[in-house]
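Welcome, and please take a look at the structure below before reading on. A short tour follows it.

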Amino acid sequence: MQERVADEPLALLANNSRKIGESSQGEVVDKAMDSHAVDMYKILVEADKLRLDILKRMIDILTPLQAVEFLVASKKLHLCLHEWSKTRDIQRGITQLINTDNPSSSGHSL
């Protein structure tokens, strides 16, 4: 699977296209992209399994109080990184370019 993620047919198809987003081999491109999407999904599923396995093993090692403190701290870190990245995207104008109609997850519109 790792070899297919950097799919050579996709690179060749992109190289042979005349303009960005244009290809005379639309069906071939669609098939290659579908295969690539499935492979990327499998990688994300495996990464999530690994993340959960590590989390479970860490919780098993810690005392109950340490486990709670760890989970609270990791959630705080997650929320802080999320807010920081939203602020950074807004400052750079990225959020407006991606989607101007949807409100942010905090319920505030941009």
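This report goes through the fold, the surface, a pocket and some charged pairs.

## Overall fold

Please keep in mind that this is a predicted model. The protein has five helices and zero strands, so that, by the way helices and strands are assigned, its elements read α-α-α-α-α from the N terminus on.

Looking at contacts between residues at least 6 apart in sequence, 27% join residues at least 24 apart.

## Surface and burial

The protein has 110 residues, and 9% of them are buried.

## The largest pocket

If you like to start from pockets, here is one to look at. The largest pocket holds about 190 Å³ of space. Two elements give two or more residues to its lining, namely α3 (26-61) and α4 (64-92). The most comes from α4, with five residues.

The lining consists of R51, I54, L55, M58, F70, L71, S74, K75 and H78. Sorted by class, five of these residues are nonpolar, two are polar and two are charged.

Side chains of opposite charge can pair when their charged atoms come close. The side chains of D48 and R51 meet with an N to O distance of 2.7 Å. Both residues lie in helix α3, three residues apart, which is about one turn of the helix. R51 also belongs to the lining of the largest pocket. D48 has 35% relative accessibility and counts as partly exposed; R51, with a relative accessible area of 48%, is partly exposed too.

D53 forms a salt bridge with R57, and their closest N and O atoms are 3.2 Å apart. These two residues are four apart in helix α3, so about one helical turn separates them.

K49 and E46 form another salt bridge, with the closest N and O atoms 3.7 Å apart. K49 and E46 are both in helix α3, three residues apart, or about one turn of the helix. E46 counts as partly exposed, at 45% relative accessibility.

Conventions:
Residues are numbered from 1 along each chain as its sequence is written. This is a predicted model: local features need pLDDT of at least 70, side-chain atom pairs count only at pLDDT 80 or more; totals for chains, interfaces and linings use all residues. Side-chain values use heavy atoms; hydrogens and water are left out. Buried means under 20% relative accessible area, exposed over 50%, partly exposed in between (1.4 Å probe, protein chains only). Contact means heavy atoms within 4.5 Å. On a 1 Å grid over the protein atoms alone, a cavity is a set of points where a 1.4 Å probe fits but cannot get out, and a pocket is an open set with protein on both sides within 12 Å along at least five of seven lines; lining residues have an atom within 4 Å of a point. Grid points are joined across faces, edges and corners, and a volume is the space filled by probe spheres set on the points. Ala, Val, Leu, Ile, Met, Phe, Trp, Tyr, Cys and Pro count as nonpolar, Asp, Glu, Lys and Arg as charged, and the others, Gly among them, as polar. A salt bridge is a side-chain nitrogen of Lys or Arg within 4 Å of a carboxyl oxygen of Asp or Glu.
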